[in-house]
Amino acid sequence: MPRGEGYLRKRGKVYYFEFMYKGRRYYEKIGAVSKTVAKEIANEIRSQIIRGEYIPQRERKATFSDAVKVYIEWYRKKSTARGKSKEENIRRARKLEEFFGSRKLSQLSTFLVESYKKRRLEEGVKPQTINMELNILGSILRRAKEAGLFNGELPKIEKFRNAERERLRFLSKEEAQRLISACPEWFRPVVIFALNTGLRAGEIFSLRWEDVDFERGVITVRETRSKSGRVRKLPMNATIRKLLEGLERKEHGYIFTNRFGLPYKYEDKTYRRVFTTACKKAGIENFRFHDLRHTFASWVAMNSKDIYAVQNLLGHSSPSVTKRYAHLTDDYLRSVVESVPDFGSSSASEE
């Protein structure tokens, strides 16, 4: 073949094609065919590479089941989720495998994802549960891409819009104080901490003293719901510093403990009963523990007028997740617009 069009080599009875394009080397086994046929196949491979349509043999062979295997192996080692939460996500991965398992990764499409959603709805599964499974699907595909099993475009995964997810319930400062006062003394630090950090329950209960750096004034947060096992640094305010400095350090190393001095068991949700009782005593209705996170974010949005500060503090990967708080900055944006010089009026007066 002419120089620059690749190299066609024969080893035994089998032809191989090698081609360099934009600094990347492509090597493809063609097979035991005639030289004429080998040239035709090599020309087609070269054209696919140049058009950006080429899929390496490894990717053409990789199935969704291969991706699930890679994901579960990674997830068991790297995930910070514990106990039942971890096993539940693995169960979701297996459920996805039942539907997508034998399909090649290169065949996955938005249409197939929509077919899966339709199938699960017909089985009587709630949209919120299906959304959790779709979260795992996205994680599996991203992990497969990182592992080199897949190099194409990931299919678009549209989740069901969830009215509960759009719900934004937050406390006034007076309500927050009533709630804190209504909490048992041993549970009060958890509520105060949540109101001042916006951390999720799983993140709070996973915190250990080794995660607190008093010298730098930061807390290391290992995100319990992050697919990539991300770690972020959260600055502590004066309230949190004083709170942490006043807590007793237990041998097990966890910061927050129940009334028996033991780590909270996030999986059994016992903390929710304590929280619900405190809300009733404080006269606060329609409020969940997770709404403490919304309260923190709402206060930051209203005081800082900076939606990106909210995004960073909550650890959201995209501003689209944080947009529910945007309306709380409306008054600030209105004042910014009003600060623009009135060029129209001045021009009119000059005329």
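Modeller: Here is a walk through the aromatic rings and the elements that carry them. Keep in mind that this is a predicted model. A pair of aromatic rings is described by the distance of the centres and the angle of the planes. Counted that way, there are 18 aromatic pairs here. Take Phe-19 and Tyr-21: their rings are stacked, 6.1 Å centre to centre with 15 degrees between the planes. Phe-19 counts as buried because its relative accessibility is 4%, while Tyr-21, at 23%, counts as partly exposed. Then look at Phe-64 and Phe-100, a tilted pair with centres 5.3 Å apart and 45 degrees between the planes. Phe-64 belongs to helix α3 and Phe-100 to helix α4 (residues 83–100), so this pair ties together parts that are 36 residues apart in sequence. Both Phe-64 and Phe-100 are buried.

Staying with α3, this helix covers residues 64–78, and its 15 residues reach 21 Å from the first C-alpha to the last, close to the 21 Å expected. Its buried residues include Phe-64, Tyr-71, Trp-74 and Tyr-75, along with Ala-67, Val-68 and Ile-72.

Elsewhere, ring pairs build a cluster out of Trp-186, Phe-187, Phe-205, Tyr-264, Tyr-271, Phe-275, Phe-287 and Phe-289.

The charged end of Arg-103 sits over the ring of Phe-99, 5.1 Å from its centre. Likewise, Arg-249 lies over the face of Trp-209, and there the distance to the ring centre is 4.3 Å.

How values were computed. Residues are numbered from 1 along each chain as its sequence is written. This is a predicted model: local features need pLDDT of at least 70, side-chain atom pairs count only at pLDDT 80 or more; totals for chains, interfaces and linings use all residues. Side-chain values use heavy atoms; hydrogens and water are left out. Helices (H or I, at least four residues) and strands (E, at least two) are DSSP runs, numbered from the N terminus. The expected span of a helix is 1.5 Å times one less than its number of residues. Buried means under 20% relative accessible area, exposed over 50%, partly exposed in between (1.4 Å probe, protein chains only). Rings of Phe, Tyr and Trp (its six-membered ring) pair if their centres lie within 6.5 Å; planes under 30 degrees apart count as stacked, over 60 as edge-to-face and the rest as tilted. A charge sits over a ring if NZ of Lys or CZ of Arg is within 6 Å of the ring centre and within 35 degrees of the ring normal.
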